[in-house]
Amino acid sequence: MKYLLATLGLLVAAAGATGIACYLLGSEPGLHAAARKGDPMAWLRTDFHLDDRQFAAIRQLHDGYAGACDEHCRRIQEATRQRRALSSGGADPAALQAADRRLTELREICETAIARHVRQVAAIMSPEDGRRYLAIVLPKIAHFDHTAAPDLHLEHST
Amino acid sequence: MDSPPDSLSQALQPWKVSPPVQGAFRADVWKRIGDRTRETWGVYVRAHAAAWLVAATVVIGAAAYTGHATAQARVRADREALAVTYLVDLDPRVQAELRP
């Protein structure tokens with residue numbers, strides 16, 4: 001009986017050690033550290049294996065894009081306010097449709113701009129990492145739903 | 001017909017053996033028997049090798065799979081969260097909704 005229990009204990013210990021070893025081998029410490037800090041740039045650097053030159057180039061690209069992003073954001077907010085004003089003021093359907101079209105256009109322009117930007121970012125990465133990066137971000141950009149609050153996947157939450 | 005007196009028998013008649021008394025003789029015998037039959041851990045494992053081999057393969061395999069799957073799930077979740085944080089900063093459509 002005591003050998004049965006001893007062998008069982010040894011087996012459980014070996015299984016525990018194996019499980020922990022496989023967990024550690026499957027983990028990505030750099031990625032987890034970036035997630036803990038909530039630092040997307042650290043994520044890009046570690047997950048897509050950027051060297052210093054690539055990282056600096058992408059950071060520069062992001063900084064350059066920030067201005068355009070702000071401008072797009074301002075236009076969308078303005079168009080949204082106009083649309084709401086028309087809606088609450090009882091404007092005619094044609095004006096409302098025109099406001100809707102304007103908002104849709106602006107969002108499409110945005111989507112095109114951000115897709116172009118991420119493709120430029122991907123081009124700086126190695127081909128394989130670039131493909132993986134685009135496979136992660138492009139669907140989220142395409143599936144963004146402006147009518148609902150963005151969920152964790154930046155997809156439809158309604 | 002009487003047989004002649006046996007001189008050897010007569011000589012042995014007064015001879016008596018007095019072996020030394022061993023108080024723990026019986027206990028010692030059982031101890032030696034026990035020592036011979038007692039199982040070691042190695043003997044036990046060898047005797048049940050097939051069953052333990054199967055059990056070890058299943059349990060350690062399951063532990064390895066669970067460890068790896070848990071790590072991969074965490075990697076996916078962290079990557080997903082970071083991608084969202086990244087795009088929230090980057091996407092004017094999200095910013096337009098988040099900013100006052």
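Colleague: Which helices are included in what covers the buried residues of H3(A)?
Modeller: This is a predicted model, in which local features need pLDDT of at least 70 and side-chain atom pairs pLDDT 80 or more, while totals for chains, interfaces and linings use all residues. Residues count from 1 along each chain as written, chains are lettered from A and ligands numbered from 1 in written order, and side-chain values use heavy atoms without hydrogens or water. With helices taken as DSSP runs (H or I, at least four residues) numbered from the N terminus, and contact as heavy atoms within 4.5 Å, the cover of the buried residues of H3(A) includes H2, H4 and H6 of chain A together with H4 of chain B.

Colleague: Which residues of H3(A) are buried, and within what arc do they fall?
Modeller: Pro40(A), Met41(A), Trp43(A), Leu44(A) and Asp47(A) are the buried residues of H3(A), where buried stands for under 20% relative accessible area, exposed for over 50% and partly exposed for in between (1.4 Å probe, protein chains only). Seen down the axis of H3(A), these residues line one face of the helix, because the arc within which they fall (directions from axis to C-beta atoms) is 155°.

Colleague: Which residues are exposed on the face of H2(A) turned away from its buried side?
Modeller: In H2(A), which spans residues 29-37, the buried residues are Leu31(A), His32(A) and Ala34(A). Viewed down the axis of H2(A), they fall within an arc of 160°, so they line one face of the helix. Their cover includes H3(A), residues 40-47, together with helix H4 (49-90) of chain B. The face turned away from that buried side carries the exposed residues Pro29(A), Arg36(A) and Lys37(A).

Colleague: How many residues are in the largest nonpolar core, and how many in the other core that lies apart from it?
Modeller: A nonpolar core joins buried Ala, Val, Leu, Ile, Met, Phe, Trp, Tyr and Cys through side-chain atoms within 4.5 Å. In the largest, which has 29 residues, those with the most contacts inside it include Trp43(A), Phe48(A), Val118(A) and Tyr86(B). H2, H3, H4 (52-88), H5 (93-124) and H6 (127-142) of chain A, together with H4 of chain B, each supply at least two residues of this core. Apart from it lies another core, with Ile76(A), Ala79(A), Leu103(A) and Leu106(A) among its members, and its count is 5.

Colleague: Which residue of chain B is in contact with Val118(A)?
Modeller: Leaving aside neighbours within four places in sequence, Val118(A) is in contact with Tyr133(A), Leu134(A), Val137(A), Leu138(A) and Ile141(A) of chain A, and, from chain B, with Leu90(B).

Colleague: What is the angle between the ring planes of Trp43(A) and Tyr86(B)?
Modeller: Rings of Phe, Tyr and Trp (its six-membered ring) pair if their centres lie within 6.5 Å, with planes under 30 degrees apart counted as stacked, over 60 as edge-to-face and the rest as tilted; this gives 5 aromatic pairs over all chains. Trp43(A) and Tyr86(B) form an edge-to-face pair, 5.8 Å centre to centre, which crosses between chains from helix H3 of chain A to helix H4 of chain B. Between the planes of Trp43(A) and Tyr86(B), the angle is 70°.
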